[in-house]
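Take a moment to look over the sequence and the model below.

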Amino acid sequence: MKNPYRSASLGVALALFTALTPALADSTATVGGTSFVSKGLVGVGRIPAAQRDKFGETFGSGSGMAIDTSGWTHDAAGYKGSLWLLPDRGYNVAGTTDYRPRLNTIGIEFAPVAPGAAPAAGQEQTGVKATLTDTLLLTDDKGADMTGLDPLSDVRPASGDMPILPAATNGKLALDNEAIARLPDGSMFISDEYGPNIYRFSAEGRLLSATQPPAALVPMRKGTPNFSSDNPGPGAADPDPKDPETGRQNNQGLEGMAMTPDGKFLIAVLQSAPRQDGGDSPATRQNTRALVYDASDLGHLKLAHEYVVPLPVFKDAKGKTKVAAQSEIVALSDTAFMMLARDSGNGQGLKGDASLYREISIVDVSAATDIAGGAFDADKPVAPKGVVDPSVTPAKLTPFIDINDKAELGRFGLHNGAPNDHDNLSEKWEAMSLASVLDPKLPDDYFLFVANDNDFLTQDGFQVGAPYKADDGANVDTMFLVYQVTLPGLARK
């Protein structure tokens, strides 16, 4: 296929791109007097489902993403740079496995189309050329391998600055990666589901420190911290009881995390409400929590603020109210962030074909009640049975981008729903990151990269020393959707 990044006509297209963008805005979210604008989808790309990393194992995709903004460049051929793409705990349809946590580096070449325009025929999904260039293994503080195995009942005792940590029965620290915030020195914060903790790793991938959430979010079984997610490995028994009595719900940990543009705060958001706040029911799990940490001392994060965030709700095919799960955030300031929330069980590779909800909202906590350090962080529910305590004002959500938008997807040969084929969006969209448009005439414009978590679904898989084939013939590519957005006042460090 002819390389679209080197075509003679691309320079003309890019010149038109800048001229056309101000007039083509298609959605606006006004928050606190500031208007945030989405100019629509401007690029799509893929990495094949059968891609393997340098360790010979099947490549997993975007549970978390961070773009290397320092190396992001623009010339007549388009944009170039790299990003870090964080997979989760490996292929685990039949239970968790001893998959080694890792971080992938992806080279990016990007030739955007003008907002509202259609890509050239045959190039609808080639604007983002994504290439796996490296893979870094994450290790514990002693340099030993970590694992994706469910920490069914084992806990590594607290030692020094390290709190108690989830451990698998093989003695390794258990980690279910979900979000990444890369720091200027190359070190990184990574959030996980099991703890749900925030870990800091060195640039070389070695664990440096760990931060536990408030006690109200720590999963408790029979009065004791128990970090199981009820996904036992082969031959292992289920936890007792199956669900925590309080704390984060199974597989509903710190799914979203981002550093504020000034680098002063780290924001992490639980995927849905803790058990005691209605997280024991799909219908009442709406009121999750946003934790805002002071990041002035990178080795010792301090909880500065905490807010209740009401997740979006939608109606299913039978008219029942459902709660969308929070999947990722991008911080706009210490009081506002973009939040991606979605439904589950629908998309390419699954039996259900049409998603009912995949949207990015803007969350404003400026008028919300700060509950950090109080009774709600101990043993008092902030939303018993899903009803918020009358003393608490939740954050405000404003809709911004509908990922399922039929017209936007259609311009790039994609769709939501039947036919449930290669061009139907997959289920789990879980990663977001920003890169500047690098145009002095559009100083507030950014490219918002959104990626899916393909759950390692392939017919040519290999992990932990064994081949596998995903159920029902699933072959789910890693995909990138790129939107052009205007974010006034976003001064990135």
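Pro196 sits in the loop between strand 11 (188–192) and strand 12 (198–201). Keep in mind that this is a predicted model. The peptide bond that leads from Gly195 into Pro196 is cis. Its omega is near -5 degrees.

Pro419 is placed in the loop between helix 2 (406–411) and strand 26.

Stay with the loops, but turn to phi. Leu438 has a phi near 60 degrees, which is positive, and Leu438 is not a glycine. This residue belongs to the loop that links strand 26 and strand 27. Is Leu438 buried or partly exposed? Its relative accessible area is 38%, so Leu438 counts as partly exposed.

Val464 is also a non-glycine residue with a positive phi, here about 50 degrees. Look for Val464 in the loop between strand 28 (461–463) and strand 29 (466–468). Val464 is partly exposed, because its relative accessibility is 40%.

Ala76 has a relative accessible area of 59%, so it counts as exposed. Now find Ala111. Ala76 and Ala111 are 35 residues apart along the chain. Their C-alpha atoms are separated by 9.6 Å.

Now go inside. In soluble globular proteins, nonpolar side chains tend to be buried together. Which residues have the most contacts inside the largest nonpolar core? They are Met338, Ile360 and Leu448, in a core of 32 residues. Several strands each supply at least two residues of this core, among them strand 1 (27–31), strand 2 (34–47), strand 23 (336–342) and strand 24 (358–364). The largest share comes from strand 30, with 4 residues.

Ile360 then contacts Met338, Met339 and Leu340, among others. Its partners also include Pro399, Phe400, Ile401 and Ile403. Met432, Leu448 and Val450 are in contact with Ile360 as well.

There is also a second, separate core, of 23 residues. Trp72, Leu132, Ala431 and Ala435 are among its members.

Step back to the whole chain. How many helices and strands does the chain have? It has 2 helices and 30 strands. Of its 493 residues, 58% count as buried. Take the contacts between residues at least 6 apart in sequence. Among these, 66% join residues at least 24 apart.

Along its principal axes, the C-alpha trace spans about 65 × 55 × 50 Å. The radius of gyration of the chain is 21 Å. A compact globule with 493 residues would have a value near 23 Å, so the chain agrees with that expectation.

Notes:
Residues numbered from 1 in each chain as written. Predicted model: local features only at pLDDT ≥ 70, side-chain atom pairs only at ≥ 80, totals over all residues. Heavy atoms only, no water. Buried < 20%, exposed > 50% of the residue type's maximum accessible area, 1.4 Å probe, protein only. Core = buried A, V, L, I, M, F, W, Y, C linked by side-chain atoms within 4.5 Å. Contact = heavy atoms within 4.5 Å. Rg over C-alpha atoms; globule rule 2.2 N^0.38 Å. Lists of a residue's contacts leave out its neighbours within four places in sequence.
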